[in-house]
Amino acid sequence: MKLILAPIACTMLMGAVSTAANAAEYPNRPVRFIVPWPPGDIEDILTRRIAEEMSKQTGVPATVVNKPGGGGVLGATSVAQSRPDGSVIGSFVVDLVTSAVVGGNAPYDKDAFEPIGIFLDYPFVLATKADSPYNNLAELAEYSKDHNISLGHFGYQALPTALTFQAADKLGIKIASDSAFNELNCAALANGDADIANTTTQQILPCLDSGDVKLLTSFTYDRLIIAPDVQTLNEATGITQTLWNGLFVKKGTPRDIKEKISAIAQQALQSPEVIKLQESTGAGVYWTDMDDAEKRIELDYESAKKLSEAM
């Protein structure tokens, strides 16, 4: 037994030393941040700011790779299949680690990732053309009794979609048809692809600024600073779930590496560019550390299970 245990103990010691050395030297190879959506939205902009800060502080190239598809699952899967060394970092919306797993739409389980931190309260909204004959969810419900309403969303596995249907059920909004899109911008509403769109303020900012589009509700904790008269989903329906985005790495990544990523991200999010983005879009940018993020994910996972059962 001694002859067997000695080399095992030696191997374990060497592994511990190697892990500590890797953490101290991180990053020792180029880093990729995976954004599982097309470029240009708020999480993409903020993740690019974090990647720039990492390159600046470490001298090692850090880039953002956009991998849209499958409602974000394609990009998340690539992170789940990466090495647990911090060389691949996912920038994920809440449903990729909750409702996508609950609904069986992801080829990974809920413990495939570990959070670095949560940094964004998404300014998700339900929007419509400015000349639509309804200005809030109650008026939309009344209008939908005698008119066909089409909804544009980011896929059935996306949490905002589930929350929209839950709100429709609560208020009696009749949705005649719905379609999934990778992007829901001004053109989707202007072209009549959807009467109402489940999207983010960043994607429709030009037509919000021009007055061609208006908001019916926001899926945020507080009212948007750019639309203080628009009720939150909670105010309109009592639904309390909000939408956030965070940084994730593969399970097993050393804590020292995660802490280094966290420190860089927090510094990046304090930049003037980020403050300007908050003011123009209503995005809530903050930092929830990895331990509190894990607790929040557990709560949201349980909420996703209940929402899935209700759906």
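Which residues does Phe33 touch, not counting residues up to four places away in sequence? Its partners are Thr47, Ile50, Ala51, Met54, Ala62, Thr63, Val64, Val65, Ile89 and Leu247, with contact meaning heavy atoms within 4.5 Å. Keep in mind that this is a predicted model, where local features need pLDDT of at least 70, side-chain atom pairs count only at pLDDT 80 or more, and totals for chains, interfaces and linings use all residues. Residues are numbered from 1 along each chain as its sequence is written, and side-chain values use heavy atoms, leaving out hydrogens and water.

**Confidence**
- The protein averages a pLDDT (the predictor's confidence in each residue, from 0 to 100) of 90, and 92% of the residues score at least 70.
- Over residues 1–21 the pLDDT is below 50, and this stretch has one contact in the model beyond near neighbours in sequence.

**Core**
- Phe33 turns up again in the largest nonpolar core, which has 89 residues; Phe33, Tyr108 and Phe113 have the most contacts inside it.
- Such a core is a set of buried Ala, Val, Leu, Ile, Met, Phe, Trp, Tyr and Cys residues joined through side-chain atoms within 4.5 Å, and buried means under 20% relative accessible area (exposed is over 50%, partly exposed in between; 1.4 Å probe, protein chains only).

**Glu43**
- Glu43 is buried but has no salt bridge (a side-chain nitrogen of Lys or Arg within 4 Å of a carboxyl oxygen of Asp or Glu).
- Arg48, the nearest side chain of opposite charge, is 8.6 Å away (Lys and Arg count as positive, Asp and Glu as negative; His and the chain ends are not counted).

**Pro30**
- Pro30 counts as exposed because its relative accessibility is 55%.
- Leaving aside neighbours within four places in sequence, Pro30 is in contact with Val60, Pro61 and Ser87.
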